[in-house]
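Let's take a look around this model together. Keep the 3D view open as you read.

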Amino acid sequence: MLRALKLMVTGRVADERSVNLQRQGRIGFYVQMDGQEAAQVGCGLALEPEDWVVPAYRELGVALARGVPLQTLFDQFYANSNDENKGRQMPTHYGYRAYRYVTASSPVGTQIIHAVGLGMAARYKGEKSVTVPFFGDGATSSSDFHAGLNFAGVYNAPVVFFCQNNGWAISLPREKQTRSKTLAGKAEAYGIRGVQVDGNDFAAVYRVVQEARERAVSGEGPTLVEALTYRMGSHSTSDDPTRYRSTAEVASWKQKDPIERLARDLIARGWITEDQFEALQEAARAEVQAAIQTAEQTPPTSPDTLFTDVFKSNPSYVEEQRAELSELVREGVVKP
Ligand SMILES: Cc1ncc(C[n+]2csc(CCOP(=O)(O)OP(=O)(O)O)c2C)c(N)n1
Ligand SMILES: [Mg+2]
């Protein structure tokens, strides 16, 4: 529980700082998870290292729970020369093989079928693992959601479908997304198990995912988990939510803050003190600040990496372009 609280607090600080960095023009783009910490850390911690995570684009809490270091993440946000993704992805669209964290999907829903394929592949290889695609309420209207869940049902794929119902798909509210009473209820049409859980309750999410994982690994079939939560921030740094939703709605969810909730619970149990909670937040701020500083001081990814990793040996026309770009960099026309 303490580990979860620390991850949730660290995630929130990293999230808030990242939005500010984008506003200051220090990174290009950002997608917040603000408000969804319990759903993400709860699910992330219930998984094992051998499991596969197939995220959408909002899963910082899952990445942290998988053990991806803050420094690795900020190096990616800055696309610096330590960025394992080599500056080839938008910030928050990262992927890390060592953590079995697949590169983020921007097209809504596509990761669901990728995940089912991954789950099937893992089973053919004899792995005792599950694959977990992350997606939102909006993605449950996609054709890939249908294809993925139907296939998983027919083949009993070892997959836990983790839907974060955060109430909105950019500006489209959940009520206009579907006439289904619940999103978990959609599982019935595919003959698989559906469970709705309070996504702002860390322990509840953890337990539900742990159980779904156990079932999937032991051949009892896939589960669709619907975690009820709320997106406190904007959809991304490119939109203004005050244009489409009321401040009263946001304020009512503020009362259900998942971090406050877990912290209050742990304080009431006597597992931590108010001072320790304060210190934990302070430590997270220092940790995040250090990662940002290091990321900012690291030189950018070399433009020359544009020409690597596609061909085993580059064709002549690619080599010509490579020479031309390096000339432009030398002349200062193109800045790395
Ligand atoms: C196929 C496709 N259609 C539209 C978009 C634009 N788009 C990006 S995110 C998004 C909303 C997704 O909502 P939801 O699935 O609820 O996830 P959330 O962003 O709330 O986490 C849309 C429409 C897209 N990226 N891909
Ligand atoms: Mg949503």
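## The ligand's surroundings

First, some sorting: Ala, Val, Leu, Ile, Met, Phe, Trp, Tyr, Cys and Pro count as nonpolar, Asp, Glu, Lys and Arg as charged, and the others, Gly among them, as polar. The shell around ligand 1 splits into 8 nonpolar, 5 polar and 3 charged residues. Of these 16 residues, Val 108, Gly 136, Gly 138, Ala 139 and Ala 169 come nearest (near puts a C-beta atom, placed from the backbone, within 6 Å of the molecule).

This is a predicted model, where local features need pLDDT of at least 70 and side-chain atom pairs 80 or more, while totals for chains, interfaces and linings use all residues. Residues are numbered from 1 along each chain as its sequence is written, and chains are lettered from A and ligands numbered from 1 in the order in which they are written.

## Helix H8

Helices are DSSP runs of H or I with at least four residues, and strands are runs of E with at least two, numbered from the N terminus.

Which residues of H8 are buried? They are Phe 202, Val 205, Tyr 206, Val 208, Val 209, Ala 212, Arg 213 and Ala 216. Buried calls for 20 or more other C-beta atoms within 10 Å of a residue's own, with C-beta atoms placed from the backbone. Just after H8, Gly 219 takes a positive phi of about 85 degrees.

Technical notes:
Buried ≥ 20, exposed ≤ 12 C-beta atoms within 10 Å, placed from the backbone.
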